[in-house]
Amino acid sequence: MAEKCLWDIDKQTSNLNMYEVKTLKTHVFFVDKNVDDLNSCPQITQAASYLQRGDLVAFPTETVYGLGANAMSTAAVENIFIAKGRPSDNPLIVHIATTEQLYDIVCDIPPVAYTLMEHFWPGPLTLVLPKKEAVSPRVTAGLNTVAVRMPNHPIALALIKASGLPIAAPSANRSGRPSPTTAKHVLDDLDGRIAAVVDGGQTGVGVESTVIDCTTAIPTILRPGGVTKEDIERVIGVVNIDRALVEKEAVPKSPGMKYTHYAPKAPLVVVHGSSVFLQQLVNEKRADGFKVGVLTTEEGRHTYEADVVISCGQRHDLRTVAKKLYDALRTFDTTNVDIIYSESFPYEGIGVAIMNRLLKAAGHEQMMEK
């Protein structure tokens, strides 16, 4: 285990969304998640002290890296919106490490929520529950509910415990960008804007948590994620799907779903159809002088002739696609392509979350083979 911060980075930042962003030295602490006693890790202790004094700390979870702040402090939470350039009407998810912390921030917990906690916590499932007044209104965007989860990552749990605080933490990226699955991704977006990053290596699931509203008569999935609809229904029976997931005009209720998100710098188009059809689209753009990228899987990596072809996992195991999706989208940013065509994926299991993120990244731009 490293005994000290491996490196510090200090860069200039500029104004963001009318707010003045302070220039910070972003401390990066390497922590081995496999260490037996993370609770005594000096890097965890120091990162926790940053959170206690109201600073922002990025840390790994099992899904993506989160950007953490004290959920009880409006001033601390405000810094999240400033650093990310996040719209103020976009609520945040609160992360906890113990069930005792849950009772500090929510009330009137329905029986179905306890059942979901028992089966899926710690893990990539976020529950929307009635909130207590102690939670900063900036966390909930003025709503009377709060989204909360217990992450299944040893570093995240150790950091939250060491801070003694519930931690509000959206993904640790600039608003609209692909979510970060490595500490490098965090630094690419937020270097100089936040106090520290805890580098615990690459995350596992790769897409964010599933968000389910437990305040409705029938629980409602607001955002697909690491726990599938099928997983949930095996435990509690039938659940509803938020209209915003199937109707483009409907207003999303879930954190992170309200605006264009996960997007690479180049325009992205999701293609529904054969590889022959996708190649035809590539050929047409290249004939017009455009540099074209293709997002595919290992199975299709040698199928396409394009300027850049990037695979994001294996089609026969969609969890590998979920894990590598954001890294693939960020890799395109280093290639200077003019447009990206992506294969589509089945709307089943984790594929629902993958397609949700792809379509958000593409601004719902799609091409259908006739």
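This is a predicted model: local features need pLDDT of at least 70, side-chain atom pairs count only at pLDDT 80 or more; totals for chains, interfaces and linings use all residues.
Residues are numbered from 1 along each chain as its sequence is written, and side-chain values use heavy atoms, with hydrogens and water left out. When I name helices (H or I, at least four residues) and strands (E, at least two), I mean DSSP runs numbered from the N terminus.

Let me start with the sheet of five strands. This open sheet has the order β15-β14-β16-β13-β17, with parallel pairing, where two strands pair if DSSP finds at least two bridges between them. At the edges stand β15 (308-311) and β17 (366-368), each of which pairs on one side only, and from one strand to the next the twist averages 25°. Within the sheet, strand β14 (residues 292-296) runs parallel to β15 and is joined to β15 by four bridges, with Val294 standing opposite Val309 in β15. Helix α10 packs on this sheet and touches β13 (268-272), β14, β15 and β16 (339-343), its direction making about 170° with that of β14. Helix α11 packs on the sheet as well, touching β13, β14, β16 and β17, and its direction makes about 135° with that of β13. These angles run from 0 to 180 degrees between N-to-C directions, and the axes are lines fitted to C-alpha atoms, for helices over the stretch in contact.

How do the axes of α10 and α11 cross? The axes of α10 (residues 318-332) and α11 (residues 351-361) come within 9 Å and cross at roughly 20°. That makes the two helices roughly parallel, since angles under 35 degrees count as roughly parallel, over 145 as roughly antiparallel, 65 to 115 as roughly perpendicular and the rest as oblique. Their crossing is left-handed, a word used if the near helix is turned anticlockwise from the far one by less than a right angle, with right-handed used if clockwise. On the α10 side, Leu318, Val321, Ala322, Leu325, Tyr326 and Leu329 meet Gly351, Ile354, Arg357, Leu358 and Ala361 of α11, contact here meaning heavy atoms within 4.5 Å.

A second pair of helices is α1 (residues 42-52) and α6 (residues 154-163), whose axes come within 8 Å and cross at roughly 55°. These two helices are therefore oblique to each other, and α1 passes α6 in a right-handed crossing. The contact is made by Ile44, Ala47, Ala48, Leu51 and Gln52 of α1 together with Ile155, Ala158, Leu159, Ala162 and Ser163 of α6. Also in α1 is Gln43, which is buried, with a relative accessible area of 3%; buried means under 20%, exposed over 50% and partly exposed in between, with a 1.4 Å probe and protein chains only.

Finally, I turn to strand β10 (residues 210-213), where Thr210 and Ile212 point one way, Val211 and Asp213 point the other way, and all are buried. In a regular strand the side chains alternate between the two faces of the sheet. Strand β6 (residues 125-130) pairs with β10 in the parallel sense over four bridges, and Leu125 stands opposite Thr210. Strand β11 (residues 220-223), by contrast, runs antiparallel to β10 and is joined to β10 by three bridges, Ile221 being the bridge partner of Ile212. A hairpin joins β10 to β11 through six residues.
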